[in-house]
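Subject: Structure handover

Hello,

Here is the structure for you to look through. Please open it next to this note and follow along.

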Amino acid sequence: QQVKGTVKRISEFGAFVDIGVGRDGLVHISELSPRRIAKVTDVLQEGQQADFWIKKLDRDRNRISLTMIEPGMKTIRNMEKGDVVLGTVTRLMPYGAFVDIGIGRDALLHVREMGERYVAKPEDVVTVGEQLEARIIDISRRRARVDLSIKGLRPEPEPEPTPQTEKPEAVPEPEPEPEDIFAEAEVLSPFAAALRRAEESSGVKLTYRKGNKKERKGERSRVLQEEIIERTLTGNRR
């Protein structure tokens, strides 16, 4: 039942309200709003008139319990872990998205609960203003906190294609150098070459002994001396 009342007195745990029945009703701080309230004065002030609903009437103890939460409104108290709720994304943060699920305080959809695959950024999956279904995976009524997940409730986001690493071009193997057909050829001096031609033309094996310059010079001197002696003897005979 909805009633109008005037706040008569405020305490730390709630407010006493005159609803015109001869006894003040009590609205507890937890009944001021679906969201968590730190202080009663954040919602009500003494002398303020507001709408209330009678939550419970205890005739034996002559107590009237009031609430400012409209009957039928979803609250964190009537939600359970595993429930699927409909919500609207209100804002995005690097670690997740906040979703209004109608309880006066946004629930948190963490980025790790946005899919089975790795999600780098919340905006890769959801956008502000988007309506979505989410499953409640944790509730802290004392802290008025609800954690959500959308795993298994919507198609998985497509993974971003990973850039393919280009294979390095094959470096052609160096071609083998042509064989030098003259590498093993014997190099002859002009005299040795003439001697070989003489051998080939005459068929006689001639012996040529290499020596150092000093030996060859001595040999030439000896031959010259023999020629001089031969010419001298020939002249004397005449």
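Five strands, in the order 1-2-3-5-4, close into a barrel with mixed pairing. Strands here are DSSP runs (E, at least two residues), numbered from the N terminus. Two strands count as paired if DSSP finds at least two bridges between them. On average, neighbouring strands of this sheet are turned by 50° against each other, direction ignored. That angle is taken between axes, which are lines fitted to C-alpha atoms; angles run from 0 to 180 degrees between N-to-C directions.

Look at strand 2 (residues 14–18) and strand 3 (residues 25–28). They pair in the antiparallel sense over 4 bridges. Gly14 sits opposite His28 in strand 3.

This is a predicted model, so local features need pLDDT of at least 70, side-chain atom pairs count only at pLDDT 80 or more, and totals for chains, interfaces and linings use all residues. Residues are numbered from 1 along each chain as its sequence is written, and side-chain values use heavy atoms, with hydrogens and water left out.

Now find the closed barrel of 5 strands that runs 6-7-8-10-9. Its pairing is mixed. Its neighbouring strands are turned by 50° on average, direction ignored.

- Strand 7 (residues 96–100) pairs antiparallel with strand 8 (residues 107–110) over 4 bridges. Ala97 faces Leu109 in strand 8.
- Strand 6 (residues 84–93) runs antiparallel to strand 9 (residues 131–140), joined by 5 bridges. Val85 stands opposite Ala134.
- Strand 9 and strand 10 (residues 145–149) are antiparallel, with 5 bridges. Ile139 has Val146 as its bridge partner in strand 10.

Which residue takes a positive phi in the hairpin of strand 9 and strand 10? Ala144 does, near 55°, and the hairpin has 4 residues between the strands.

Best wishes
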